[in-house]
Amino acid sequence: MKKTLPLLTFAFLAGTTLLSSNSVGAGTANASLAREASLEMETGIGGSVADASLLLPGGRDLPAPGTPQVCRERRQALAAALEEGVMFFHAGPDADGRFEADVDFHYLTGLHRPDARLLLVAKAGKLLRDELYLPVQSPQKRLWQGPQLNPEDFEGSDAFGKVLPSAGFDEKALVMLAEDKGIYSVGDTAIEELVDLEIKVKRARTLLNNLQVVKTPSEIAALEMAVDITQAGIADAMRIALPGTYEYQAEAAVDGGFRRRGAEFMAFPSICGSAENACFLHYRANNRLMQDGDLLLMDVGAKYEGYSADVTRTFPINGKFSPRQRELYELVLEAQTVAVAALKPGVSMRDVHEVAAAFFEEKGVREHFKHGLGHQLGIRVHDVPGFRGPLKAGMLVTVEPGLYLADEGIGIRIEDDYLLTETGNRKLSDSIPSDPDELEAYIARLRKP
Ligand SMILES: [Mn+2]
């Protein structure tokens, strides 16, 4: 039986196989099938196969970090941390386009279902109530939108304590439950709902951060997959981003490359800025016609099973750095090298930032480095909001120095993703070289007819 990577992903998210233990509980699929399938996808599209490693989504078992079992354990861990109290989460309202649930709701449920609510009650550190409320989809809505998860889809499942129709969600009971102690929550929709009911809101952010800061092996595996898919998408774009093409054509190659390899969602909208556009840090227009002699900065990230990569490469679209471009590029690369040497458990991202900043200062270009050096990665591109503590083994971070000289039409950023290990760090995004000579040779290989 042949399976393709996207099919496996869709089957999980569509919920049709969500509750069968053999499909989700097992958590992995045969790596060689994925390998075969993705190679098939590639060759169907054509183009040169310069680096086979980039065509693969990993060549290993497909990670499934958010199985129903794991999500239940996360809710239990949250109850254990809270000891006593009520927690409330909301997936968010339905919207145009593909629905993606609130990040924390998804972390706790594994579901992307609009208007779903989660109510948790902890007593003596145990999860006393574990209730998912789902709207019942009307036949009319089903006709236009296609099927969505309904309460009846959970019949016979032990994924949650209870799965109930939203109509059974009793706001008065929620007010009673809150008493004068309030309810723990995060996310705009959930908090708005509590505020409307005049319930005191207590932030669940710190509770969740304590679970989310250090990643489990299967979370790390999912992020590695996201990183590999991201690099493959960048390589796709490097192949076609020639003088005379538009930035959005590079963007299309990146975005299509992600989805073709099984990333249903983007970590964030792709930034493809050429020449002076590379100096706008979150440039989104991607509509300039690129010229011979331009550098193209691509800051992009695929999201795999809820885990976001974030990689930046800057390269000459004609395949060769000019002497000035190379001079600045080498400074950025060296800043990254010295910063990464300091990246280990116990130091903070601030400390690592200062190492790069001091390097740029010494080289007389400090004023052109205009943002923070990096951030944590995970279920958000900038993960565990508010965390500023010392780094720990099992955390994932970016290191992304840059120099931006708009009046010279040059913006350069090099961003890689690292796993903190017991003794230091391991670079995850090492398929596309950063060294300028190696990068030129790599691009030439990609473009060989
Ligand atoms: Mn970043």
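Strand E13, residues 396–399, pairs with strand E16, residues 416–420, in the antiparallel sense, over 4 bridges.

Staying with E13: which way do its side chains point? Leu 396 and Thr 398 go one way, Val 397 and Val 399 go the other, and all of them are buried. In a regular strand the side chains alternate between the two faces of the sheet.

Next, the three-stranded sheet. It is open, with the order E8-E9-E12 and antiparallel pairing. Which strands stand at the edges? Those are E8, residues 271–274, and E12, residues 311–316. Each has a single partner strand, so one side of each is left without a neighbour in the sheet. From one strand to the next, the twist averages 10°.

On the E8 side, the pairing with E9, residues 295–300, is antiparallel and runs over 4 bridges. Within that, Gly 273 has Leu 297 of E9 as its bridge partner. Helix H11, residues 247–260, packs on this sheet and touches E8 and E9. The direction of H11 makes about 150° with that of E8.

Now helix H14, residues 436–447. A length check first: at 1.5 Å a residue, its 12 residues should span 16 Å, and the end C-alpha atoms are 17 Å apart, which agrees.

Which residues of H14 are buried? Leu 439, Tyr 442, Ile 443 and Leu 446. These cover an arc of only 95° around the axis, which puts them on the same side of H14. The face turned away from that buried side carries Asp 437 and Ala 444, both exposed.

What do the buried residues of H14 pack against? Helix H10, 217–240, and strand E12.

Last, confidence. The mean pLDDT of the protein chain is 88, and 86% of its residues reach 70 or more. Residues 1–53 are another matter: pLDDT stays under 50 there. The model still has 73 contacts beyond four places in sequence for that stretch. Where pLDDT is low, the predicted coordinates should not be read in detail. I would treat those 73 contacts accordingly.

Key: Residues are numbered from 1 along each chain as its sequence is written. This is a predicted model: local features need pLDDT of at least 70, side-chain atom pairs count only at pLDDT 80 or more; totals for chains, interfaces and linings use all residues. Two strands pair if DSSP finds at least two bridges between them. Helices (H or I, at least four residues) and strands (E, at least two) are DSSP runs, numbered from the N terminus. Axes are lines fitted to C-alpha atoms, for helices over the stretch in contact, and angles run from 0 to 180 degrees between N-to-C directions. Two residues are in contact if their C-beta atoms, placed from the backbone, lie within 7 Å. A residue is buried if 20 or more other C-beta atoms lie within 10 Å of its own, exposed if 12 or fewer, and partly exposed in between; C-beta atoms are placed from the backbone. The expected span of a helix is 1.5 Å times one less than its number of residues. The arc is that of the directions from the helix axis to the C-beta atoms. pLDDT is the predictor's confidence in each residue, from 0 to 100.
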